[in-house]
Amino acid sequence: NRIQNFVGQYTDNKTTPSLTFTPIADEKVVFSDYPARAAKGLIANTPAIMSNCANEAAALYTFPTNNVTAGPWQPGVNAATLDGWLCVSANTSIVRYNANRTTYRYQFVGNFSNVSPMHWLGAYHSSDLTMNFGTYPIVRGNGTLLEKKTSEVMQDYLLAFMRDPENGLERMGWPAFEPFGENGGVIKRFGADGRPEQNVTGLEVQGACWGKEQYDPFP
């Protein structure tokens, strides 16, 4: 109650910056240099799936005060998406690869109106969870056939990974991510171009992290 009251009173003052709560490195639970720890082998020796949504920051960026239909400033959304999510995943993938840890990568890009009711939302942060759990129909109807098929294929992959993290995805044709492979490796893309899934290059998805491509939040 004391924390809630303080935050409520603190943010009543429009000239006061808002509070943020982030993890603080204590070198016990949260660490200040994860690449250094990975280089020493101090990283879980298990495969991992690392995912991003194409328009991650859309629902978290400052909305316009007068025209919500227009959506937030897209260049700012793109920058926040890159800095806060995509490039973090890209760099982590490299750290894991150098530490001989298997990583699978996917990008969710589905822009389905029952999940993203405003056209500018696109595939915002966590919108892929409705696909992974098959819960996309619970709010605004059953959705489209593409939405259904996208959810089903994503769940099939997750189940295969849970049953056999070492080989399950490879057997289904999802290759492990190799950041230094041809065109930056292979990343799965879900819900784009009228197709539930497709393979795209790492360069296409995250080339903007190294200034090699323009970032596309609505591929």
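Colleague: How many Å apart are the mean positions of the positive and negative charges of the chain?

Modeller: The model is a predicted one, in which local features need pLDDT of at least 70 and side-chain atom pairs pLDDT 80 or more, while totals for chains, interfaces and linings use all residues. Residues are numbered from 1 along each chain as its sequence is written, and side-chain values use heavy atoms, with hydrogens and water left out. Lys and Arg count as positive and Asp and Glu as negative, without His and the chain ends, and each charge is placed at NZ of Lys, CZ of Arg, CG of Asp or CD of Glu. For the 17 positive and 20 negative charges, the mean positions are separated by 5 Å.

Colleague: How many salt bridges does a search of the whole structure find?

Modeller: A salt bridge is a side-chain nitrogen of Lys or Arg within 4 Å of a carboxyl oxygen of Asp or Glu. One of them joins Lys 148 and Glu 152, at 2.6 Å from N to O; both residues lie in helix 5, four residues apart, about one turn of the helix. Over the whole structure, the search gives five.

Colleague: Is Asp 164 buried or exposed?

Modeller: Asp 164 forms a salt bridge with Arg 171, with 2.9 Å between the closest N and O atoms. Buried means under 20% relative accessible area, exposed over 50% and partly exposed in between, with a 1.4 Å probe and protein chains only. Arg 171, at 61%, is therefore exposed. Asp 164 has a relative accessibility of 18%, so this residue counts as buried.

Colleague: Why does Phe 133 count as exposed?

Modeller: Phe 133 is located in the loop between helix 4 (129–132) and helix 5 (145–163); helices here are DSSP runs of H or I with at least four residues, strands are runs of E with at least two, and both are numbered from the N terminus. Phe 133 is exposed because its relative accessible area is 61%.

Colleague: What share of the 219 residues in the chain is buried?

Modeller: The chain has seven helices and four strands, and its C-alpha trace spans about 55 × 45 × 35 Å along the principal axes. Among the 219 residues, the buried share is 37%.
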